[in-house]
Amino acid sequence: DIRGNRIVLFDTSGKRGEIYTQLPIRRYRVSDRGLVAVILAEGKDSRIEIYNGLTGDSLGSYGVPEDRIGYPADLDISPDGTKLIVSYMQLDMQPQDTISTSHIAFYRLQRVGSETVRQLVSSKIIQGGIFPQVLFIDSAHAAALGNGSILLFEGNEIPEPLKQIDLPAEERALDYFSNDQYVGMTVTRQK
């Protein structure tokens, strides 16, 4: 329920869990283990929260000061529930130009008592690029999908850039798709 306050999880046997949030939901993703990563709207900033999707319990959360870190455009949680990828975007408004920057951050998620804590393990800053979608292909491979390229990452403990695939300058991505082996994009020619 985007902009709502409730997430309901289902599998082939029916309803498995329900999450209620205090803040409006912007984006969310669910791991194979039932952990749910959520971006919540919190005034001018955002909050990222991790939930146990089966019980609805919050396992940990942290604020995102958008003026320093950027707007969290998307996130995904690895299938095994041990890593989080977040795409932060910033626009720097100059008198003559606007410069876009994307920051792709990987966090390790660890249980400490009853909380799940996050630890930044790697990141990549891309000047001039917009990467509105990120995803885990499997627990060791991830992708950042941009308007003109795909960045692939690899690593079980510390994900590192593996490859960048750029579209020709006259093409732009319209939409993205993936499954547990492939990522792709629908492309159009710019006029």
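## A buried tyrosine and its partner

At 7% relative accessibility, Tyr 107 counts as buried, because the cut-off for that word is a relative accessible area under 20%. The model described here is a predicted one, and the values that follow were computed from it. Tyr 62 is buried as well, with a relative accessible area of 12%.

A pair of aromatic rings is described by two things, the distance of the centres and the angle of the planes. By the rule used here, the count of such pairs comes to three. One of them is formed by Tyr 62 and Tyr 107, whose ring centres are 5.9 Å apart and whose planes make an angle of 50 degrees, an arrangement described as tilted. Tyr 62 belongs to strand 6 (residues 58-64) and Tyr 107 to strand 9 (residues 98-112), so this pair ties together parts that are 45 residues apart in sequence.

## Phenylalanines that meet

Phe 106 and Phe 153 form another aromatic pair, with 5.0 Å from centre to centre and 65 degrees between the planes. The pair is called edge-to-face, because that term applies to planes over 60 degrees apart. Since Phe 106 lies in strand 9 and Phe 153 in strand 13, the pair ties together parts that are 47 residues apart in sequence.

Are these two phenylalanines buried or exposed? Phe 106 is buried, with a relative accessible area of 1%, and Phe 153 is buried too, with a value of 2%. Together with Phe 136, these residues form one aromatic cluster.

In general, the strands of a sheet pair through backbone hydrogen bonds, and the pairing can be either parallel or antiparallel. In this model, four strands form an open sheet in the order 11-12-13-14, and their pairing is antiparallel. Strand 11 (133-138) and strand 14 (160-166) are the edge strands, each of which pairs on one side only. From one strand to the next, the twist averages 20 degrees.

Strand 11 and strand 12 form a hairpin with two residues between them, and they pair in the antiparallel sense over five bridges. Within this pairing, Leu 135 stands opposite Ala 143 in strand 12. Five of the six residues of strand 11 are buried, so this strand is largely enclosed by the rest of the structure. Strand 12 (residues 141-145) is joined in turn to strand 13 (residues 149-154) by five bridges, and these two strands also run antiparallel. Here Ala 142 stands opposite Phe 153 in strand 13, the phenylalanine that forms an aromatic pair with Phe 106.

Five bridges join strand 3 to strand 4 (residues 35-42), and the two run antiparallel. Arg 27 has Ile 39 in strand 4 as its bridge partner.

## The largest pocket

Rolling a probe the size of a water molecule over the atoms shows where empty space is left. In this model, the largest pocket contains about 190 Å³ of space. Its lining is made up of 13 residues, of which Ile 126, Gly 128, Gly 129, Ser 149 and Gln 164 lie nearest its centre.

Which strand supplies the largest share of the lining? Strand 10 does, with four residues. Strand 10 (115-127) and strand 14 each supply at least two residues of the lining.

## Two partly exposed residues

Met 89 is found in strand 8 (residues 83-93) and is partly exposed, with a relative accessible area of 23%. Although Met 89 and Thr 101 are twelve residues apart along the chain, their C-alpha atoms are separated by 5.8 Å.

Asp 175, found in strand 15 (residues 171-178), is likewise partly exposed, with a relative accessible area of 45%. Asp 175 and Ser 102 are 73 residues apart in sequence, and from C-alpha to C-alpha they are 18 Å apart in space.

Key. Residues numbered from 1 in each chain as written. Predicted model: local features only at pLDDT ≥ 70, side-chain atom pairs only at ≥ 80, totals over all residues. Heavy atoms only, no water. Pairing = 2+ DSSP bridges. Axes fitted to C-alpha atoms, helices over the stretch in contact; angles between N-to-C directions. 1 Å grid on protein atoms, 1.4 Å probe; cavity = no way out; pocket = protein on both sides within 12 Å on 5 of 7 lines; lining within 4 Å. Points joined across faces, edges and corners; volume = space filled by probe spheres on them. Phe/Tyr/Trp six-rings, centres within 6.5 Å; stacked < 30°, edge-to-face > 60°. Buried < 20%, exposed > 50% of the residue type's maximum accessible area, 1.4 Å probe, protein only.
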